[in-house]
Amino acid sequence: MNRWYESDGARLSYRETGAGMPVVLLHPTPLDHDYWRPLIEDLGGVRAIVPDLRGHGQSELGRNLPVGGFARAPDAPVLTMGQLAADVIALLNHLELPEAVFAGCSIGGYVLLELWRRVPERMQALAFVCSKAQPDAEANLAKRAANISQIRAGGTSALFDGMAHTLIGPTARERRPKIVGELRARMTLTAEAAVAVQAGLAMRPDSLATVTMIDAPVFAIAGGEDSAVTPAEMEVFQAAPGGCEFHLLPDAGHFAAYEQPRKVAALLAEWLRQPES
């Protein structure tokens, strides 16, 4: 059942299941909290807190997003990593949680890096799934601008159809053909929200220096079939002074935790026991 809280004038949704160590899981775009459901079912022993990021799922986008930050689409609203981090902090305050373990996939991982810059004392440990510290390269910036133009010209359908095929690894598509339809059905962002997300991703900061300051335990899972984040890009998390446990899943794509929930849950569960030791 969805629960609700407010952040900067927006009504935001989250779900909470289980008991034990609080773990906040941040989903990738353009999906919603359901991305983590199969993994949570296999994880067990934790208090799983899974919000819908602003503009995703049942969470409102809000009315006060800044405009003009992305020069290639100067009239686009920008859903910044800072805003998303502020929303997560508001959720922690709503739940009266002084600290938690955090996991993030793709944009969820970018938010974790922003959270570390803002409230490191509230982060017991950080898990990154198919996410990276590097900012958008030139080709990615051009793609973001093209995506915004595509959305404005014809809505989100074509973009999301493409993402459902390219971001899911070919192994998962072969083994579970229904996975494409399952994940495509969770891509429900409005055109305005999708534009704001693309602009926000383009404007996210370079976080390589941030990684070198993370003195909490880090966990990283890369997908060998990930078309968006390469294993080499994720290897930089091993520079974190708190230590990094790194895993490569050769036959996983960008949505690794949904494609292989049992495998990722087993690795995550083993790692989660370590901070208590």
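Helices, meaning DSSP runs of H or I with at least four residues, and strands, meaning runs of E with at least two, are numbered from the N terminus. Good morning. The structure above is a predicted model, in which local features need pLDDT of at least 70, side-chain atom pairs count only at pLDDT 80 or more, and totals for chains, interfaces and linings use all residues. Residues are numbered from 1 along each chain as its sequence is written, and side-chain values use heavy atoms, with hydrogens and water left out.

I begin with Glu 259, which belongs to helix H11, residues 256-259. Glu 259 is buried, a word that stands for under 20% relative accessible area, with exposed over 50% and partly exposed in between (1.4 Å probe, protein chains only). The side chain of Glu 259 does reach the backbone nitrogen of Gly 253, at 2.8 Å. Beyond four places in sequence, Glu 259 touches several residues, among them Leu 167, Ala 172, Arg 176 and His 254; contact means heavy atoms within 4.5 Å.

Asp 52 is next, in the loop between strand S4 (46-51) and H2. Asp 52 is also buried without a salt bridge, and Arg 186, the nearest side chain of opposite charge, is 6.4 Å away. The side chains of Asp 52 and His 33 are joined by a polar contact of 2.8 Å. Such a contact is a pair of N or O atoms within 3.5 Å; within protein, one must be able to donate a hydrogen and the other to accept it, and residues adjacent in sequence count only if both atoms are side-chain atoms. A polar atom of the Asp 52 side chain also lies 2.9 Å from the backbone nitrogen of Gln 58.

Finally, consider Met 187, in the loop between helix H7 (179-184) and helix H8 (191-202). Is Met 187 buried or exposed? Met 187 is buried, because its relative accessible area is 4%. Setting aside neighbours within four places, the contacts of Met 187 include Pro 30, Leu 31 and Phe 255.

Definitions and conventions:
Lys and Arg count as positive and Asp and Glu as negative; His and the chain ends are not counted. A salt bridge is a side-chain nitrogen of Lys or Arg within 4 Å of a carboxyl oxygen of Asp or Glu.
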